[in-house]
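Trainee: Could you take me closely through one part of this model, beginning with a charge placed over an aromatic ring and continuing into the sheet beside that topic?

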Amino acid sequence: MRYSEMLLPTTKETPSDAEVTSHQLMLRAGMIRKLAGGIYSYLPLGYRTIKKVEAIIREEMDRAGAQEIFMPAVQPSELWQESGRWQQYGKELLRLRDRHNRDYCIGPTHEEVVTDIVRNEIQTYRQLPKNLYQIQTKFRDEIRPRFGVMRSREFSMKDAYSFDADEEGAARSYERMFDAYERIFRRCGLSFRAVEADSGNIGGSYSHEFLVNAASGEDGMVYCLACDYAANTEKAETAKPKEGISSESEFLPLEEVHTPDIRSIEEVSAFIGVKPRDVVKTLIYVADGKTIAVLVRGDNEINETKVRNFLDASILEMALDEEIMAATGSPRGFAGPIGIKCPLYADYSLINMKNFVVGANREDYHLKNCNWGRDVTIDTFADFRMIADDDACPRCGGEIRFARGIEVGHVFKLGTKYSKAMNATYLDSDGKEKLMIMGCYGIGVARTAAAAIEQSHDEDGIIWPMAIAPFQVILTPVNMSDENLALTAEGIYEELRGQGIDVLYDDRDERAGVKFKDADLVGIPLRITIGAKRLAEGLVEVRKRATGEVSLLALAEVTDFVKEIVVRELDAFAGG
Ligand code: ATP
Ligand code: MG
């Protein structure tokens, strides 16, 4: 491609509305342009990278035995009624109505459509398993679209769906997709970690997210230094302590303390003269319309995902002031377990607590020296909190570490959730009708490209991994009006193209400095520079974007040299 013919609008200025580096650089490098909130166009350079990511995904999905299909973006509401998600999905689902007053949505995901296809086409166990995938446009009316294409409203997703006859088969399908994802992200040149993720009420560790290591990531992960445990912090379990209340101190008498307008854990602990870990927080929620209270230690953070899963609730919301008043008889800030009028749940970490501080369910009062049994009884202790710095690995007790990441992919065992709701059955070898067992597997195409930028850039711009670089090589004659340079460049350009190398030929009539800046900004892995002085000696320069390393080569050798690097870098990740 000749630069002079390309639509490649680079800019020096950092756009003010772009918060993260990848968003800034994608705009500055002329890869994307915003059409509306969370809706983007891809310009030629951006779309080249997207197509490369897609090609890697296709190769690996095909290798894993999945078959490519293409389903419609617009989906009839009837299917969503059948699965129950027309009601459940909420405002992220973009709904529309046609001229005949029929309801549709623009698919945020395709479980309903694919299940409908499979239930119509598959009758017996002999036709199973099947794994169908597509790369297709999704729409999710995200409450906060941000970070450019990282969290947009319209985006392209690779989504695959597996259908199996039994649990063993479903586990195999899951594993194949897991392995394919590892290959895909490795080939994209990413440093990532597969972590256990929340799988709603399905349970087990049958969901993994692939998180690209990046400080700007929206997801938190925790991993063990001793074993291979790794989980999204939302999912990470905390162990139940051994029961046994310390006998070192006495059980002191319950005591009411006047705490005027003292509400937060910090205020209460400072005022009473104890540590936050000696205070028990009472958090009141409404779960599917029912008020409940969850107790966690003052220095811990509640994990609402765990609470929701434990209660099997679809909607969990913090209680409003009037709901708190109804349950506790007092305004917000003074709730406690004693005498509260709703079911009480407590985190495991509270089991062995003694003489702790709680709210008094009375305005401006707290209670000191609360104790289990004597003052209040808890029916259910369970895991309701976020894992913390001082926790050990829930698997092996080893030391843990925290990191942040960008979720680029998600593999998920669905079980019979959709096959049951939508009656996707098959006849087994014993002639019995059985439910198909499903899995679903997603990758955000543009988010993967953006994550690569988050991970690999410097102050000059993007540093693309070879496999997903929009071009592998940029060819830069420093002065186009020097006929000798231009002619030499033309020759190398044709040679490289003949070797199947993606080359961008910067044939613009610009100063060398401008060309170099653009080359660095758009992040092409190799730059061939042709200057008059070197050329007089029959030499050209090849510079690596990532390291700045420069090699001098004889004209006749440059194509082989470049090709060798390109092939080596592509192979390094592709493996066998
Ligand atoms: P998130 O927690 O980031 O909202 P999700 O759990 O909703 O993601 P999935 O439904 O598992 O995402 O979708 C599969 C993949 O699609 C994600 O791993 C991610 O790469 C991509 N993806 C999801 N939402 C968006 C979005 N709004 N913009 C771009 N990519 C997205
Ligand atoms: Mg989401």
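Mentor: In this predicted model, Arg362 sits over the face of Tyr365, 3.7 Å from the ring centre; a charge counts as over a ring if NZ of Lys or CZ of Arg is within 6 Å of the ring centre and within 35 degrees of the ring normal. Arg48 likewise lies over the face of Phe471, at 4.0 Å from the ring centre.

Residue 365 also opens strand β19 (residues 365–370), which is joined to β13 by four bridges and runs antiparallel to β13. Here strands (E, at least two residues) and helices (H or I, at least four) are DSSP runs numbered from the N terminus, and two strands pair if DSSP finds at least two bridges between them. Within this pairing, Val257 faces His366 of β19.

The open sheet has three strands, ordered β13-β19-β18, with antiparallel pairing. β13 (255–258) and β18 (356–359) are the edge strands; each has a single partner, so one side of each lacks a neighbour in the sheet. From one strand to the next, the twist averages 30 degrees.

Helix α7 (residues 265–272) lies across β13, β18 and β19, at about 65 degrees to β19. Contact means heavy atoms within 4.5 Å; axes are lines fitted to C-alpha atoms, for helices over the stretch in contact, with angles from 0 to 180 degrees between N-to-C directions.

Residues are numbered from 1 along each chain as its sequence is written, with chains lettered from A and ligands numbered from 1 in the order in which they are written. Local features need pLDDT of at least 70 and side-chain atom pairs 80 or more, while totals for chains, interfaces and linings use all residues; side-chain values use heavy atoms, without hydrogens and water.
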